[in-house]
Amino acid sequence: MAAASLAVLGGVAQAAEQPKAEQYTYGTKLDIARVISVEEPGNVCEVVPVHMVYEDHQGQRHVVEYSVMGKGCQSS
């Protein structure tokens, strides 16, 4: 039980450290020094939001949200 509580608290602390997602629009200037993670789109055939976490050249962490086409479309 204690281990589960610590895991939950660790997840809460990690979520608290993540900055709020910034919405990407065409022409947005991003200062990307290092990409930390890129979320994969779901297996759907529609446009979906995904997130990229990165650090800028000052070491600040950012989360940017942008739209991509899901991976569930089949071409004939």
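Student: What is the torsion about the S-S bond of Cys 45 and Cys 73, and which hand does it give the disulfide?

Tutor: The general idea first: a disulfide is a covalent bond between the sulfur atoms of two cysteines. To find one from coordinates, we look for a pair of cysteine sulfur atoms within 2.5 Å. In this structure, the torsion about the S-S bond of Cys 45 and Cys 73 is about 105 degrees, so the disulfide is right-handed. The two sulfur atoms are 2.0 Å apart, and the rule gives a count of one disulfide. Bear in mind that this is a predicted model, where local features need pLDDT of at least 70, side-chain atom pairs count only at pLDDT 80 or more, and totals for chains, interfaces and linings use all residues. Residues are numbered from 1 along each chain as its sequence is written, and side-chain values use heavy atoms, with hydrogens and water left out.

Student: Where in the chain are Cys 45 and Cys 73?

Tutor: To place them we need the elements: helices (H or I, at least four residues) and strands (E, at least two) are DSSP runs, numbered from the N terminus. Cys 45 is in the loop between strand S2 (34–38) and strand S3 (47–55), while Cys 73 is in the segment after strand S4 (61–69).

Student: Is Cys 73 buried, partly exposed or exposed?

Tutor: We sort by relative accessible area: buried is under 20%, exposed is over 50%, and partly exposed is in between (1.4 Å probe, protein chains only). Cys 73 counts as partly exposed because its relative accessibility is 32%. For the chain, 16% of the 76 residues count as buried.

Student: How many helices and strands are there, and in what order do the elements run?

Tutor: The chain has one helix and four strands, and from the N terminus on they run α-β-β-β-β.

Student: And how do the strands pair in the sheet, and in what order?

Tutor: Two strands pair if DSSP finds at least two bridges between them. Here the four strands make an open sheet with mixed pairing, in the order S1-S4-S3-S2. Its edge strands, S1 (21–23) and S2, each pair on one side only. Now go through the pairs. S1 and S4 run parallel and are joined by three bridges; one of the residues to look for is Glu 22, whose bridge partner in S4 is Val 64. S3 and S4 pair in the antiparallel sense over nine bridges, with Val 50 opposite Tyr 66 in S4. S2 and S3 are also antiparallel, over four bridges, and Val 38 has Met 52 as its bridge partner in S3.

Student: What sits between S3 and S4?

Tutor: These two strands form a hairpin with five residues between them. Look for Gly 59 in the turn, which has a positive phi of about 85 degrees.

Student: How many salt bridges does a search of the whole structure find, and which residues form a network?

Tutor: The test is a side-chain nitrogen of Lys or Arg within 4 Å of a carboxyl oxygen of Asp or Glu. The search finds three salt bridges. Arg 34 meets Glu 55 at 3.1 Å, N to O; Arg 34 is in strand S2 and Glu 55 in strand S3, 21 residues apart. Arg 61 also meets Glu 55, at 3.9 Å, N to O.

Student: What is the distance in the salt bridge of Lys 71 and Glu 40?

Tutor: Their side chains meet at 2.5 Å, N to O. Lys 71 lies in the segment after S4 and Glu 40 in the loop between S2 and S3, so the pair ties together parts that are 31 residues apart in sequence. The C-alpha atoms of Glu 40 and Lys 71 are separated by 8.8 Å. Contact means heavy atoms within 4.5 Å, and beyond its neighbours within four places in sequence, Glu 40 is in contact with Val 50 and Lys 71. Glu 40 counts as exposed, at 54% relative accessibility.
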